[in-house]
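This report goes through one structure, part by part. Look at the sequence and the model first, then read on.

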Amino acid sequence: MENRKKDHINQAFNARVEKDAADKRFNYEPLLTAHPVDKLAPFSFAGKTMRLPLWISSMTGGTGKAGNINRNLARACNEFGLGMGVGSCRILLEDERHLPDFDLRHIVGNESPFYANLGIAQLEQLIEEKATDKISRLIELLKTDGIIIHVNPFQEAFQPEGEIIKRPPIDTLQEFLENTDARVIVKEVGQGMGPESIKQLLQLPIEAIEFGALGGTNFTLLELLRSQEKELKAYEAFGKIGHTAEEMTKMVNDVVSKSNTYKCKQLIISGGITHILDGYHLQQKSKLTAVIGMGSTLLKAASGEYEELKGYLQQVERSYQLASSYLRIKNEIEHF
Ligand SMILES: Cc1cc2nc3c(=O)[nH]c(=O)nc-3n(C[C@H](O)[C@H](O)[C@H](O)COP(=O)(O)O)c2cc1C
């Protein structure tokens with residue numbers, strides 16, 4: 001007790017928060033709730049059950065390091081009740097030698113949603129070749145709950161070895177959905193989507209939209225950094241194009257409050273979310289059931305030992321529990 005009081009005196013001048021730093025997004029209600037001691041209640045998402053509303057956004061596979069990272073992430077999925085998408089499985093369509101990097105269901109367990117991933121260019125090609133049964137085979141092979149299709153025209157355009165997208169992605173998706181029973185999630189890869197794309201996507205019978213919004217890892221920039229200096233200079237302005245997760249949450253809310261014909265009912269709010277409070281804020285604002293997606297932040301935490309990732313996720317879980325107990329969203333008028 002005495003030591004604690006001493007600490008308080010010593011640290012008091014270091015622990016000041018300026019008024020300008022106040023987080024204006026939340027009302028803090030300290031009187032209404034006891035400390036959360038119970039585990040978070042399980043809920044259904046993307047065909048399975050989650051416990052912490054955190055989604056591991058599709059990343060890596062097919063390189064030496066990826067296997068270890070993916071196994072760490074899969075283990076966390078099981079322990080914390082997360083959802084997970086693996087990185088692009090294109091390599092598996094060509095060569096099954098990389099299967100161990102993606103074959104994670106036995107680690108993830110059967111409760112959590114777990115999805116495969118392919119690009120829109122590959123989907124277009126498989127439809128053209130009348131070979132979409134390869135997608136069913138992929139889902140079977142990996143025992144996933146479905147497939148995530150990433151729509152990435154800028155990434156393909158600026159990638160030195162990129163593919164040409166020959167048809168409007170919305171037409172390709174529609175055709176695929178008419179001919180499959182698989183659960184499908186559609187995402188961008190770091191630049192998000194504008195209002196018209198969101199509106200049309202919400203009308204498709206897909207399991208969820210994952211934002212892959214602007215504000216975090218940006219594949220246009222990443223691909224340009226891999227190319228010649230001249231290319232980088234000419235095209236880098238495209239890296240700043242796109243929509244943030246906040247903007248996209250508003251766009252979705254706008255569509256669903258004006259129409260009730262939308263068929264997609266779930267969101268993964270991702271892209272530039274590095275702190276759980278940022279995700280919590282948007283999740284609470286969303287009119288659709290939403291979970292919070294993270295890519296590079298989880299990649300970093302999963303790159304070492306599992307215990308490091310576990311420690312990080314324990315903090316995330318605690319933060320989410322405290323936020324749900326004591327923070328309420330300010331309405332727009334209060335907020336601005
Ligand atoms: C190393 C790395 C690899 C990725 N690979 C894929 C991929 O194969 N398929 C995909 O849909 N998105 C991929 N992404 C994009 C992420 O799923 C996510 O949309 C993007 O990183 C934005 O989230 P963040 O800002 O939290 O990183 C990758 C991201 C990273 C960092």
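## Helices 14 and 16

Which residues in helix 14 meet which residues in helix 16? From helix 14 the residues are I276, L277 and Y280, and from helix 16 they are V316, S319, Y320 and A323. Sorted by type, the residues of this contact divide into 6 nonpolar, 1 polar and no charged. The model is a predicted one.

Packing of two helices is described by the angle between their axes and the distance between the axes. Helix 14 covers residues 276-285 and helix 16 covers residues 306-326; their axes come within 10 Å and cross at roughly 40°. Angles under 35 degrees would count as roughly parallel, and those from 65 to 115 as roughly perpendicular. Helix 14 and helix 16 are therefore oblique to each other. The crossing in which helix 14 passes helix 16 is right-handed.

## The chain as a whole

How many helices and strands does the protein chain have? Its secondary structure comes to 17 helices and 12 strands. The C-alpha trace spans about 75 × 45 × 40 Å along its principal axes.

## Helices 10 and 13

Another packed pair is helix 10, residues 195-202, with helix 13, residues 245-258. Their axes are 10 Å apart, and the packing angle is about 50°. That angle makes helix 10 oblique to helix 13. The two helices cross in a right-handed way.

On the helix 10 side, the contact is formed by P195, I198, K199 and L202; on the helix 13 side, by M248, M251, V252 and V255. These residues divide into 7 nonpolar, no polar and 1 charged.

## Helices 6 and 9

Is the crossing of helix 6 and helix 9 left-handed or right-handed? Helix 6 passes helix 9 in a left-handed crossing. Helix 6 spans residues 120-128 and helix 9 spans residues 169-178, and their axes cross at roughly 55° and come within 10 Å. The two helices are therefore oblique to each other.

In this contact, I120, L123, E124 and I127 of helix 6 meet P169, T172, E175 and F176 of helix 9. The division by type is 5 nonpolar, 1 polar and 2 charged.

## Around the ligand

Which residues come nearest to the ligand? Of the 23 residues around it, S88, H150, G212, G216 and G295 do. Two elements give two or more residues to this shell: strand 4 (54-59) and helix 15 (296-302).

By type, the shell around the ligand holds 5 nonpolar, 17 polar and 1 charged residue. Gly is counted as polar in this division.

Notes: Residues are numbered from 1 along each chain as its sequence is written. This is a predicted model: local features need pLDDT of at least 70, side-chain atom pairs count only at pLDDT 80 or more; totals for chains, interfaces and linings use all residues. A residue is near a molecule or strand if its C-beta atom, placed from the backbone, lies within 6 Å of it. Helices (H or I, at least four residues) and strands (E, at least two) are DSSP runs, numbered from the N terminus. Axes are lines fitted to C-alpha atoms, for helices over the stretch in contact, and angles run from 0 to 180 degrees between N-to-C directions. Angles under 35 degrees count as roughly parallel, over 145 as roughly antiparallel, 65 to 115 as roughly perpendicular and the rest as oblique. A crossing is left-handed if the near helix is turned anticlockwise from the far one by less than a right angle, and right-handed if clockwise. Two residues are in contact if their C-beta atoms, placed from the backbone, lie within 7 Å.
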